Amino acid sequence: MRVNNTLLSTALVGVSLLGITATPALAQERVPAINLITTTESYDPIRYEAAFMVAERWRELGLDVTVSPTEFSTALERFYDQQDFDAVILGWSGRTDRLDPQFFLNTLDSRQAGLGGNNPGGYENAEYDDLFDQQSMEFNNESRQQIVQQMQDMYKSDIPVVVLFHRDEVVAYNQDAFEGFQVMAGEGLYSEWGPMEAVPLGDRQTLRIGGPQEPDNLNPLDSTSVWGWKWMRLYYDRLVRLSADVEPLPWAAESVTALDETTIEVVLRDGMTFHDGEPVTAADVAFTFNYYLGQSYNYFNSYLAVLDNAEQVDDRTVRFHLSQPSASFGSITLSQLPILPKHLWEGIEDAGALAPSDIPMVGSGPFKFERFDRGEYMSISKFDQHWYADNIAVDGVEFIIYADMEGVYTGLQTGEIDMTAWRMEPGQIGLAEQQSHLNVVSVPDFGYFHMTYNLRRAPFDDRAARRALTRAIDRNRMVDVLLEGRGEVGSSVIAPVNAFWHESFVERFDFDMEAAREELRAAGYSWNSDGHLMR
């Protein structure tokens, strides 16, 4: 709807009222055009269509908006590594470790706003950062809950990011070929436990997974995609693994003990080896954590922020010295960093600059790396010398990379793959439910799809503009039409399904075009005779 230009004119030139001449208003300029980045239609039609829904409404407000569908890894690079965007629609997956609020809250920490960090939008709020540190050090869950909920209420009024929706994880597997899967909230079937739990029902022992995603790369000091880490975590060990209930389970660690509030001691399992036959020792673990601290790799910064250094005590014992108490270091940090073989990495000065062919693909995990053909195929095989190998029924895992979800669904129907790594599209779900050999399962997601604004650029550098543009996003329509009701409108970076930490009373910014216009008017915006938004 075009706003009445007479009412909103910004130049009161030559107007006289009762002998008093009005002072001309300062000249305004047209609000800069917006380039909205989203993923391609073949990669994810939901995000693709959501971007056009947003653009349609923003154009009604007088903005010039271009939607730029972008290949996924390129979109990630522009978002994280270059911060070259106006606004972008992407997503944070709900990996198990992210049920703890530490990760998602960190995506708004100003110390993560540098290139490659988890706050590419550049939100800065010193009080928020201070509360982030407080909750990190608070071991009493009820006290920590209050801080976490306060943080959600604090950032929401500034609206640096819009949580568009939480999309249900609806996936399927071939129940004639495999059984034993435990479906995990946020991760569906493609969790780190899936390949370790799958039981073959026929002669073929290799689990085949299909999806339209591939890793941005397989460099453990450069990858910023969940699809890189979903694969790498199968052939790298961590000191701790998390159960579906976020219970920290000793893994490469035999024990984890807090000696005091800032010293954590880990004793390794005896007899572990890397895939090249070299022993895993405390020297490797201490090297790994200190190496990550010394590299310009921001992906794990939130987990490592409190770590001063890691110290080898003896062949099996490592002590982690923290700068301050951390409620999540023993459970979350120790469950995320892969143990690297010191003998292969210590001579690499700049790990992020490695060419793909120069990356040491050697871990100590229950599977070992075999092959990665970009855009087509990945494979790993069971590592028989791993201490957990006797509990694994498959002999390996293959991941087939398809161009889109249509290809994934066809592969599932024909038996080319055994399970999906990614959500099925709404139109495929009913069809899959009619297939007798397929088992369709659904779990809620505590990850989210988001619209992130670049606060360094106009108009997103203005809080009032962000608030107004957020009111002009019809998220209910996205859930009802695009997801066919299989999801929930977003309200906070902590999802409603994560009930203990979620703050349900944050400002919601419901869809209201007139409220959006009023917020712009109140902030001094106007519209010219052509209906263009002026500032």
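**View 1. Helices α5 and α6 are roughly antiparallel to each other.** That label applies to angles over 145 degrees, and here α5 (residues 126–137) and α6 (residues 141–156) pack at about 160°, with axes 9 Å apart. Axes are lines fitted to C-alpha atoms, for helices over the stretch in contact, with angles from 0 to 180 degrees between N-to-C directions. Helices (H or I, at least four residues) and strands (E, at least two) are DSSP runs, numbered from the N terminus. Residues in the contact (heavy atoms within 4.5 Å) include Leu 131 and Phe 132 of α5 and Ile 147 and Met 151 of α6.

This is a predicted model: local features need pLDDT of at least 70 and side-chain atom pairs pLDDT 80 or more, while totals for chains, interfaces and linings use all residues. Residues are numbered from 1 along each chain as its sequence is written, and side-chain values use heavy atoms, leaving out hydrogens and water.

**View 2. Here is Gln 213, in the loop between β10 (206–211) and α8 (226–232).** Gln 213 is buried, at 1% relative accessible area (buried means under 20%, with a 1.4 Å probe and protein chains only). Leaving aside residues up to four places away in sequence, Gln 213 touches Tyr 43, Trp 227, Phe 399, Ile 401 and Trp 422.

**View 3. An open, antiparallel sheet has four strands in the order β13-β14-β16-β15.** Strands pair if DSSP finds at least two bridges between them. β13 (253–260) and β15 (307–314) each have a single partner strand, so one side of each lacks a neighbour in the sheet. β15 and β16 (residues 317–322) pair over six bridges, and Ala 310 stands opposite Phe 320 in β16.

Methods
Angles under 35 degrees count as roughly parallel, over 145 as roughly antiparallel, 65 to 115 as roughly perpendicular and the rest as oblique. Buried means under 20% relative accessible area, exposed over 50%, partly exposed in between (1.4 Å probe, protein chains only).
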